[in-house]
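Good morning, and thank you for coming. Please look at the structure on the screen while I go through it with you.

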Amino acid sequence: METKVETPQEVLEAVIIRFVGDSGDGMQLTGTQFSDTSAMFGNDVATFPNYPAEIRAPQGSLYGVSGYQVHIGSVEISTPGDEVDLLVAMNPAGLKTNLHSVKPGHTIIVDTDSFSKKNLEKALYEANPLEDNSLENYRVIEVAMTSLTKETLKDVQGLDNKAITRSKNMFALGMVYWMYHRSTEHTIEFFQKKFKTKPELIEANTKVLNAGYYFAETLELIPNSYTISPAKMEAGTYRIIMGNTATAWGFLAAAEKSGMELFLGSYPITPASDILHELVKHKHFGVKTLQAEDEIAGITSAIGASFAGDLALTTTSGPGLALKGEALGLAMMIELPLVVVNVQRGGPSTGLPTKTEQSDLLQAMYGRNGESPVIVIAASTPANCFNYAYEAAKLTLEHMTPVLLLSDGYIASGSAPWKIQSVDEMPEIKNMRLKKFKENYHPYERDKDSLARFWAVPGTPGLEHRVGGLEKDKVTGNVSYMPENHEYMTRIRAEKVKRVQNYIPDQETEFADSGDLLVVGWGGTYGSLHSAVKHLNEEGFTNIGFAHFHHLNPLPKNTDALLKRFKKIVVCELNTGQFIKVLASNFSGHEFLQFNKIQGLPFANNELKEKFKQILS
Amino acid sequence: MEAAVKEYTYKDFASDQEVRWCPGCDDYVILRSVQKALPEIGVNKENIVFISGIGCSSRFPYYMETYGMHGIHGRATAIASGVKLANPTLSVWVITGDGDSLAIGGNHFIHVLRRNLDLNIILFNNEIYGLTKGQFSPTSLVGQKTKSSPYGNTQPPFSAGELALGAQARFFARIGGNTPKEMTEIFIASEKYKGTALVEVLQNCPIFNDGCFTKYTDKAVREDRQLFVEHGKPMIFGKERDKGLILNGLKLEVVTIGENGVEESDILIHNAKEQDPTLHQMLVRMEYPMVTGIIRGFEDVTFEEREEALTAQVKANSAFRKTNDLFFSGDIYEIT
């Protein structure tokens, strides 16, 4: 579409936009379209959906508000951002619950048609905020979107009233596209694919999108439009990927690379279910999935599949990990490969299912009966969920012990550009399989370096053997109650996990290699911590380093040496302090400080910067 | 992968581990019957897997010279499901008890039957917890005095067969723990049957619940108290082969051939392959006679057959062969 731009253009480095409305208003779709279009334009992008736990909460209610935040830039974007530059509020409830996030002086677009007496009451407004000057600190653009949408579609045949009203989100999107100089082309192509069999919906959505675009262009209420140039990103082929999808794809890649078949045993749980939804689609790659009767059957079926020779995994979230504890102990005891993905959410108990938290680390490390060490690693961005899923598969197959992969709601549901990695570029994956008969095979014979045991699977003649949860003789694998044998086996299971240190990379630091303060994080807080330290670095605080851990058990070999190079260490976590306990119990002589947030929300940039400055002063 | 089937005797299936059940336990009978059945099923031993849960019976895999896993309490059916889905060519056997499968593993038990994977489940029912030394189980009788019910059990029992049929079991057999010949035949039939085959063994625990099935299984009364059903044959029992079952209204009734004008041709013919489980349910519920043999053996599509067919269909309709086909499909874009 040719665009004539007469209003002044302002060039911005980055902008944060949030679309909010009723959970049935299509805000997730609107946000996704905006972020995809921006990514294809070449911006760096990070997004985060924020939706209620209720599927269809009562219309217009405060707790039924669904939102989608998009952060785009010509600079590196590492988080979906905190305060927003533009809020698009499709109803009063959306305005009320999100107003506090809008930067003062910045823009709010509202659908005035939705500010009815009834909706104002549902949003617990005593007076109409559009009329009582309560928004005077913001630039409010009032648009009767619902009526304009109806007007636009009055001549389109075959649409009922509901379908017409539902497309008003595209009017909002059209306006925002104009404001930020985005092409509507990608979204129109999207309509053509999505509504292939419903031409009237293609026509309607395209018309409304264009109407919004032209309305914004001609509307004098919007004083200027903005340009955000493409970001300088590594050359390559990209796609926008959600963390959970990246996790699923990492396992697909690992299965292909290792030449093994992938098995997922899983029970639906928010926010991990999308990994199941993704993998179940890929039967064409031979992926086997079992939606089990419960969390325990999810993991135990995976253990069975692993015993039979598949690359097996199970996926879960918070309370599900607790249910899987006993079976994870079995997998550790019989020393089989198994990946457990735990997409952390707000706890304890049912907690905050749709919110993010990092409060399962200690459960992951220690939450089993007896001494049951497993490898624990964590992904830190939506895109690197791919790499850590791949690595989880590699480690479990090469070391013959379960791997617990931690993700969290923030990165699992967030999306970002992913420079597509072909399987050909990925590291080799070995496994401990014995393909043929071997004289005197004993199930607990080990590789002398890694201590991984050799793996014989059913179907291999002459290697018939039994494994089980009872303690086993260190060589023959027969049941053994011998005191010395139990101590030996307990220690060797721990040593095997410890020796993974010899196979993982050293911990790296960013911004400073030594100095006054080391900011330490792990998991999904990478983006927030990275951008806070980066900003301080740009402000002249070159004495702050940043170490973000992905390998949590075992810790990288150089961890102690790295910590020693800084005077103070602040461990930042979305819990009351778990990784700090792990560090403090492993490494003495360091001054560990902690910064924590337990609100179901990510760290905000400002709170981190203030904290770090305060520590330094 | 199928090599020519090897010739075996029961000894080929005995591992080098010393069997450690109590003297006189029916578990020995079951072990030997399984070892005698396996040479008859036409499967090489490297393709046989035994999976158990926890309990006395669950030590079973250690005594078998096949692949095996001693799992965790109640979960053997779920572990076995994973084994079978990963490699449908394997012959997979689940070893479980009344506590393991009907209490802690009750959920997996009903779901595995509903799905109908091609598994063999041997349920050692002794109406007691043995390994934990004598508490009542979900099949213990009301009033039964045990360590955890010193004044008598107040929890009404499950009937394994009724529960199984309610969960859509397509194959259910019951056999006394002291009839190894019939037991071996049932195990062979259960392996040949495609689908989840559940065999309940009425297993005497000589230590904690001795004699719990004697009134049905004792040699002296067996023929009069048990009806051993066979598909296609009239349901006749008794030392004199003169008792049989007829349908009287909505109930099964025991009649004597030659009395009240009843002739042998009036006796019901057993149809194990009938899809409608109504009559099978009635047989399962009978206490006199206690019905043994293959009560139900209805042939149905297995879960893995459904999965395999669906996978083949998806593969045929998909352009994706390698992950790169997926990764580089759809909305991708170039940064230069």
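Let me begin with a term: two residues are in contact if their C-beta atoms, placed from the backbone, lie within 7 Å. The model before you is predicted, so local features need pLDDT of at least 70 and side-chain atom pairs count only at pLDDT 80 or more, while totals for chains, interfaces and linings use all residues. Residues are numbered from 1 along each chain as its sequence is written, and chains are lettered from A and ligands numbered from 1 in the order in which they are written.

I turn to the domains of chain A, whose bounds come from an automatic or database domain assignment. Chain A is divided into domain 1 (9–227), domain 2 (240–425) and domain 3 (515–616). The centres of domain 1 and domain 3 of chain A, taken over C-alpha atoms, are separated by 36 Å. Four residues of domain 1 of chain A are in contact with seven residues of domain 3 of chain A.

Next, the two chains together. Here 56 residues of chain A are in contact with 49 residues of chain B. On the side of chain B that touches chain A, the largest share, eight residues, comes from helix H2(B). By class, that side of chain B has 23 nonpolar, 18 polar and eight charged residues. Ala, Val, Leu, Ile, Met, Phe, Trp, Tyr, Cys and Pro count as nonpolar, Asp, Glu, Lys and Arg as charged, and the others, Gly among them, as polar.

Now consider strand S9 of chain A, residues 236–242. Helices (H or I, at least four residues) and strands (E, at least two) are DSSP runs, numbered from the N terminus. Two strands pair if DSSP finds at least two bridges between them.

Which strand of chain B is joined to S9(A)? It is S12(B), residues 332–335, which runs antiparallel to S9(A) and is joined to it by four bridges. Gly236(A) stands opposite Ile335(B), and Tyr238(A) stands opposite Tyr333(B). Within chain A, S9(A) also pairs with strand S16(A), residues 415–419, in the antiparallel sense over five bridges. There, Arg239(A) has Trp418(A) as its bridge partner.

Why is S9(A) largely enclosed by the rest of the structure? Five of its seven residues are buried, so the strand is largely enclosed. A residue is buried if 20 or more other C-beta atoms lie within 10 Å of its own, exposed if 12 or fewer, and partly exposed in between; C-beta atoms are placed from the backbone.
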